[in-house]
Amino acid sequence: MNTTEKDPMRFAQQAETVCQTYAHAIAGHARGEHTVSIDEMTGIQALERAAPTKPARPGQVERREFEYIRHGTQTLIANLDVALGRIICPSLGPTRTERDFVAHIAQTVASDPEAVWTFVVDQLNIHQSEGLVVWVAHHCHLEADLGQKSKTGILQTMASRAAFLADPSHRIRFVYTPKHSSWLNQIEIWFSILMRRVLRRGSFVSLEDLQQRILDFIAFFNRTAKPFKWTYAGRPLQA
């Protein structure tokens, strides 16, 4: 609701770039390009209810046991194909690290390795990491001197790394949402659907059960998926 970006011009520019990326997604898809909204859902708990849930009956709501058994947590890194509305190449694992994110991007790009890829992401540090810069430079066959992290060149700061990753001339590039503006990232809409349909009322007997239920829902969702109708154009919502 309230971005932490202090420069209103910078916020407007970033928001407009994100919205233009969404607007061009379908035309890009027709050219064989991919526009992907991506983020992580962390700390997904595999909670097993200590007693079976009593289903709703006429005149009585569903009743759930308040006690539960913990079976650990998972992190879902999910991609929403903006042009198709489908979830593609999801990753499930115990952590969300720089290495996890780079591996996820590698897995996603490998599904169409020669295509143009645009990823809409927030400004989390692992989305602007040294490892991601090195990976993109290698897979885009860029010969530039990357420098050294915290010292020189492209790798010097998070801002310099983000500028490199956002370069529109790269075959694989990243478009960053403004700070504290997750509502501009379409994958968050899908995360809310996953929460309502699977996680909030679920009971999972193991981490494997949790993983499978998420993957099954993704397969179910994709069978009838349609792109979200994005109407915001990046301009201020009010004067």
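Leu47 is buried, because its relative accessible area is 16% and buried means under 20% (exposed is over 50%, partly exposed in between; 1.4 Å probe, protein chains only). The model is predicted: local features need pLDDT of at least 70, side-chain atom pairs count only at pLDDT 80 or more, and totals for chains, interfaces and linings use all residues. Residues are numbered from 1 along each chain as its sequence is written, and side-chain values use heavy atoms, with hydrogens and water left out.

Leu47 sits in strand E1. Beyond its neighbours within four places in sequence, Leu47 is in contact with Tyr68, Ile69, Arg70, Gly202, Ser203 and Phe204. Contact means heavy atoms within 4.5 Å. Ile193 is 146 residues from Leu47 along the chain, and their C-alpha atoms are 19 Å apart.

Now the sheet. Strands (E, at least two residues) and helices (H or I, at least four) are DSSP runs, numbered from the N terminus. Two strands pair if DSSP finds at least two bridges between them. Strand E1 (residues 34-49) pairs with strand E4 (residues 117-121) in the parallel sense, over four bridges. Thr35 has Thr118 in E4 as its bridge partner.

Helix H7 (residues 207-223) packs on the sheet and touches E1, E2 and E3. Its direction makes about 175° with that of E3. Axes are lines fitted to C-alpha atoms, for helices over the stretch in contact; angles run from 0 to 180 degrees between N-to-C directions.

The open sheet has five strands, ordered E3-E2-E1-E4-E5, with mixed pairing. Strands E3 (86-93) and E5 (172-176) are the edges, each pairing on one side only.
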